[in-house]
Every structure is written in C-alpha cells, then in structure tokens.
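Hi,

Here is the structure I promised to pass on to you. Have a look at it first, and then read on for what turned up.

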Amino acid sequence: GNVYYARDGDQSFGTYLTNYFMTLANFLWAGILVASFAIPQRQRFKRDYILGNVFEGIAATVAGVFHQEYAVESDDASRACWRAAMATLTLGGLFRLLSAIELWSIDEDRTRAARLVRLAVIVVYGAVAIVLLAVELPFIVGGAMGGLPVLIFQAILTVKCCQDDGDELKRAWKVFSVAVVLFLAGAVIQVMGSAPCGTACPVDCPWDAPNLNHNGVFHIFQLGFVVISG
C-alpha cells in the first residue's frame with residue numbers, strides 16, 4: 001500500500017481530500033462573485049479578489065496532487081509540484097492584497113499612495129514567488145503570503161461596508177473575528193501536530209492518523225476560513 005509519511009511528505013487521504021475541498025470552495029466563491037456583479041473601473045478590487053480566489057484554488061489543487069501522488073517521493077517532479085503550489089498560493093495572496101489596497105483607496109484621496117503601495121507589493125510578492133519556485137522554503141512562508149492578505153481585505157471591507165451602521169458593523173466584526181480564530185487555530189494545530197503526527201508511525205497523533213492528521217485538520221480549519229471569508 002501507500003507509504004503514509006516519509007521524508008517529511010504527507011500522503012494521508014484526509015490531507016489531499018481537504019485540499020480538493022478548498023479548491024472547490026475557492027472556485028465556487030470566484031463563480032459567485034463573477035455572477036453577482038459587473039466590474040466597473042472603480043471596482044477593480046473585485047476583479048483582483050476573484051483572481052485571488054482562482055490562484056488559491058489552483059494552488060490547493062496542485063498541493064492536493066502533491067500530497068496524493070508525490071509527497072513521499074524525493075525527485076524533481078515532487079519538488080517541482082510543491083514549489084508550484086507555494087508559488088501559486090503566493091500569487092493568490094498578491095491579488096488579494098492588491099484588492100485590499102484598491103478597496104482602501106476607493107472614495108479617499110489616496111490614489112498616489114495606493115499606486116506606490118501596489119508597486120511595492122507587486123515587487124515583493126513577485127520576488128517571493130520566484131524564490132518559492134527556485135528553492136524549497138517552509139510552508140509557513142507561502143501560507144502567510146496567501147492567507148494574511150485575506151484577513152487584511154476582510155478588515156478593510158468590514159469598515160468600508162458597515163461604517164454608517166453600528167449594528168451591521170458589530171455583526172461584521174463578529175464574522176471577521178470567527179475568520180481570524182479559524183485561521184490562527186488551524187495554524188497552531190498544524191505546527192503543534194507536526195511532531196506527533198508527522199511520522200511514519202503516528203501512534204501519538206491525537207487525530208485519526210493515517211487517515212486524518214494535523215495537516216488534514218489544518219485544512220479543515222482553513223476550509224472554514226475560506227467559506228466565511230470568500
């Protein structure tokens with residue numbers, strides 16, 4: 001049968017299945033957003049956010065293929081697959097952050113500042129994506145580059161959409177708080193579970209390893225985060 005965990009590669013069923021669920025969630029959100037509004041020039045942030053969904057959906061697909069087919073291998077195909085997943089996730093974060101900057105500058109006298117910030121973000125994220133394609137860096141790098149921009153966008157959107165309605169603003173901040181908790185809790189579970197679960201014999205893993213381990217549980221929390229945040 002398949003090797004469950006070897007050479008730091010996770011090939012558990014729960015890990016790659018939840019990757020594919022995240023693909024579905026991202027593509028569904030992209031489809032919903034495309035169908036729900038036109039995108040005039042001053043709403044470029046919506047176009048960028050949709051592109052963020054698309055790239056992060058692609059990243060989840062590539063990561064799922066990696067965990068299902070290549071995770072326990074140590075060849076060029078395995079390394080290329082993982083690097084492609086991390087670089088694509090970073091590009092998804094880039095478009096999310098660009099959408100956040102655009103939303104921040106709408107209806108404000110921040111056009112010049114927004115241009116400069118956008119340029120800086122494109123340079124930094126482009127450089128990180130190139131590095132991620134060239135060398136293997138810890139997952140936390142790609143994860144942070146892809147996930148944190150979603151929180152930034154949601155924080156700006158919460159203030160923008162609800163600043164004139166106190167009750168609506170409170171509800172929006174509650175939703176945002178749940179998203180933050182899901183994001184951070186998943187990260188903590190992933191890090192703390194790596195030692196007991198990230199082994200070929202996960203007898204001390206608190207989850208249903210080898211079917212579901214720390215990575216799969218992390219993905220479940222991230223899936224909730226995607227569903228809530230878009």
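Arg-118 is buried, with a relative accessible area of 13%, which puts it under the 20% cut-off for that label. Please keep in mind throughout that this is a predicted model.

What does the side chain of Arg-118 meet in a salt bridge? One partner is Asp-48, at 3.6 Å from N to O. This pair links distant parts of the chain, since Arg-118 sits in helix α4 and Asp-48 in helix α2, 70 residues apart. Asp-48 is buried as well, its relative accessible area being 2%.

Glu-102 is another partner: its side chain and that of Arg-118 form a salt bridge of 3.5 Å, N to O. Here too distant parts of the chain are linked, with Glu-102 in helix α3 and Arg-118 in helix α4, 16 residues apart. Glu-102 is buried, with a relative accessible area of 11%. Through shared partners, salt bridges join Arg-47, Asp-48, Glu-102 and Arg-118 into one network.

The structure holds four salt bridges. One of them pairs Arg-96 with Glu-56, and their closest N and O atoms are 3.2 Å apart. Arg-96 lies in helix α3 and Glu-56 in helix α2, so this pair ties together parts that are 40 residues apart in sequence. Both Arg-96 and Glu-56 are buried.

Now to the helix packing. The axes of α3 (residues 76–105) and α4 (residues 111–134) come within 8 Å and cross at roughly 175°. That angle makes α3 roughly antiparallel to α4, because anything over 145 degrees counts as such. The residues of this contact divide into 20 nonpolar, three polar and three charged.

Which helix gives the most to the lining of the second largest pocket? That is α5, with five residues. The helices that each supply at least two residues of the lining are α1 (13–36), α2 (44–70), α5 (139–162), α6 (166–192) and α8 (214–229).

Best wishes

How values were computed:
Residues are numbered from 1 along each chain as its sequence is written. This is a predicted model: local features need pLDDT of at least 70, side-chain atom pairs count only at pLDDT 80 or more; totals for chains, interfaces and linings use all residues. Side-chain values use heavy atoms; hydrogens and water are left out. Helices (H or I, at least four residues) and strands (E, at least two) are DSSP runs, numbered from the N terminus. Axes are lines fitted to C-alpha atoms, for helices over the stretch in contact, and angles run from 0 to 180 degrees between N-to-C directions. Angles under 35 degrees count as roughly parallel, over 145 as roughly antiparallel, 65 to 115 as roughly perpendicular and the rest as oblique. Ala, Val, Leu, Ile, Met, Phe, Trp, Tyr, Cys and Pro count as nonpolar, Asp, Glu, Lys and Arg as charged, and the others, Gly among them, as polar. Buried means under 20% relative accessible area, exposed over 50%, partly exposed in between (1.4 Å probe, protein chains only).
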